[in-house]
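Colleague: I would like a close look at one part of this model, the charged pairs. Please take me through them step by step.

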Amino acid sequence: MSFSLHGIPVSRGIAIGRAYLIAPAALDVDHYLVDPPQIEGEIERFRAALIAVQNELDRLSDDLSADAPSEVGAFINVHSMILNDAMLVQETMDLIRTRRYNVEWALTEQLERLARHFDDIEDEYLRERKADVQQVVERILKALAGAPSAAALIDGANAQSADDMIVVAHDISPADMLQFKTQTFQGFVTDLGGRTSHTAIVARSLGIPAAVGVQHASALIRQDDLIIVDGDRGIVIVDPAPIVLEEYSYRQSEKLLEQKKLQRLKFTPTQTLCGTKISLFANIELPEDARVAVEAGAVGVGLFRTEFLFMNHKDRLPEEEEQFEAYKRAVEFMGGLPVTIRTIDVGADKPLDSIGVEGYESSPNPALGLRAIRWSLSEPQMFLTQLRAILRASAFGQVRILVPMLAHAQEIDQTLDLIREAKRQLDDAGLPYDPGVRVGAMIEIPAAAIALSLFLKRVDFLSIGTNDLIQYTLAIDRADNAVAHLYDPLHPAVLHLIAFTLREAKRAGVPVSVCGEMAGDPQLTRLLLGMGLTEFSMHPSQLLVVKQEILRANLSALEKPASDVLAAFEPEEVQAALRCLAQV
């Protein structure tokens, strides 16, 4: 019987093949108390499993080919760090010793504690790091049970030359996805995950069609079921009817041709039909992502999220040298192209307790609490450390500093004062930096957009973070399934805030970009161009498809239909105006 499942599209394309199920480690483990004389033996069993998993990760790292995406090696390192982190290892051992839990019970109990920490994080990208901890725990449990790893199971499928198979799993780690480099598997489907999960990032870098967050997929899909993965819409069709299969086969062929054509655009100058030059930047999470950005044709990094560096430390804040080396690597990878580094955008959530912030109390509403620049200003020594590291990296290439979640004049002024202080400290230490580093502000709070003149007088450039701007304008937590359907980039209030920001920044001669998800959506490219946007920043995988839309656009012809979209308020009117815009 044919049926469809719906999830989150994270990597474009269409995959057709047979389901290959990878069963998760049983997290519903045996629970029993260990007799006191056997406690140390239980500890040794845990240590042996840790060593086995570390050896497995080391083998995966050693087997990395030269053409493997840079993200994969970084994610293996992350899993290795989690495997050796005291929050996981020492706390589990303490549960074994103090409560006499068996290893499996203690390990899953500690996993639940850590998961609660991550669930309270407001930032979507950081919240999804919980999956990395779960994947590491799953590896340990499999080692304890003597079960084969996901990578071993994939190797087994490879041995069968199953070149039409689609992986279906509860979850799968990026390290195990290394097996995809052989192109044996056509795509994958997971019960868990989101747009910014590591698995999604690797899928995009490899160009593999994928749908994540497809609830109960691994339970409803059977081994060898014929399935279609529509990576554009996040739809999984199980046992499709012949006419549906024929339609998707045709679409798959069309997409393959389209992808080949897109590659020809990589070195084509990005400009509209009327000759207006448009800048396409990349959003990155890791220093190594900068290399991917260059290969995709980006003219710079429009957003380097630094949270990942901080969240890799469970018991301390990263030191200046460590941050400096990370920022420097990204700058050097870009080979002279600009790199916009955003200061840490995290806070008001429990994991701050575990990265060296003492006496911290979580906020009852993390989205409205002590996060981003608010937390940075409350921890000036931490902030100065990061600012010094960013400034030092500017001695090796073009660096711009981007400050998140500013809303008040005093916040901007305090930030600029601290940047000046960081420069003074570097001068005293005789360390080089670019004294002309430009400083920009994120426009992601409605108050910031409405009071834009405060920013235009004080900063060198602006970057519109549409993800948070939509969330705060509509009072919608996009991670809350109960209200996520109300998260609407095309809400008239959102569009008017974006248009106002673009118009006023242009009038003041202040450069402005869009770095949220809207920038990478080709269906919104013409609208943003018509509103006056000339700088886009997005995931590298979206660059060419957005570039194609730009090359086909004529700005003078887009202004009137874009104005019609802004003049519409009823949903039907907005959609009708967008259809007209698409036909220009």
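Is Glu44 buried, partly exposed or exposed, and what is its relative accessible area?

Modeller: Keep in mind that this is a predicted model. Glu44 is partly exposed, because its relative accessible area is 44%, and buried would need a value under 20%. Its partner is Arg47. The two side chains meet in a salt bridge, 2.8 Å from N to O. Arg47 is also partly exposed, with a relative accessible area of 34%. Both residues sit in helix α1, which covers residues 39-62. They are three residues apart, about one turn of the helix.

Now take a second pair inside a helix. Lys560 forms a salt bridge with Asp564. Their closest N and O atoms are 2.9 Å apart. Helix α23, residues 555-567, holds both of them. Here the spacing is four residues, again about one turn of the helix. Lys560 counts as exposed, because its relative accessibility is 54% and the cut-off for exposed is over 50%. Asp564, at 34% relative accessibility, counts as partly exposed.

The next pair has another setting. Glu307 forms a salt bridge with Arg342, with the closest N and O atoms 3.1 Å apart. Glu307 belongs to helix α12 (residues 307-311), while Arg342 belongs to strand β11 (residues 339-342). The pair therefore ties together parts that are 35 residues apart in sequence. Glu307 is buried, and Arg342 is buried too.

Salt bridges with shared partners join Glu307, Arg342, Asp345, Arg371 and Asp468 into one network.

The largest nonpolar core has 107 residues. Those with the most contacts inside it include Tyr327, Phe455 and Leu527. Helix α15, residues 380-393, gives the most to this core, with eight residues. Another core lies apart from it, with 35 residues, among them Leu50, Val103, Leu141 and Leu286.

Leaving out residues up to four places away in sequence, Leu527 touches Leu490, Leu495, Ala562, Val565, Leu578 and Leu581.

To recap the pairs: Glu44 and Arg47 share helix α1. Lys560 and Asp564 share helix α23. Glu307 and Arg342 link a helix to a strand, so their bridge spans parts 35 residues apart in sequence.

Terms used
Residues are numbered from 1 along each chain as its sequence is written. This is a predicted model: local features need pLDDT of at least 70, side-chain atom pairs count only at pLDDT 80 or more; totals for chains, interfaces and linings use all residues. Side-chain values use heavy atoms; hydrogens and water are left out. A nonpolar core is a set of buried Ala, Val, Leu, Ile, Met, Phe, Trp, Tyr and Cys residues joined through side-chain atoms within 4.5 Å. Buried means under 20% relative accessible area, exposed over 50%, partly exposed in between (1.4 Å probe, protein chains only). Helices (H or I, at least four residues) and strands (E, at least two) are DSSP runs, numbered from the N terminus. Contact means heavy atoms within 4.5 Å. A salt bridge is a side-chain nitrogen of Lys or Arg within 4 Å of a carboxyl oxygen of Asp or Glu.
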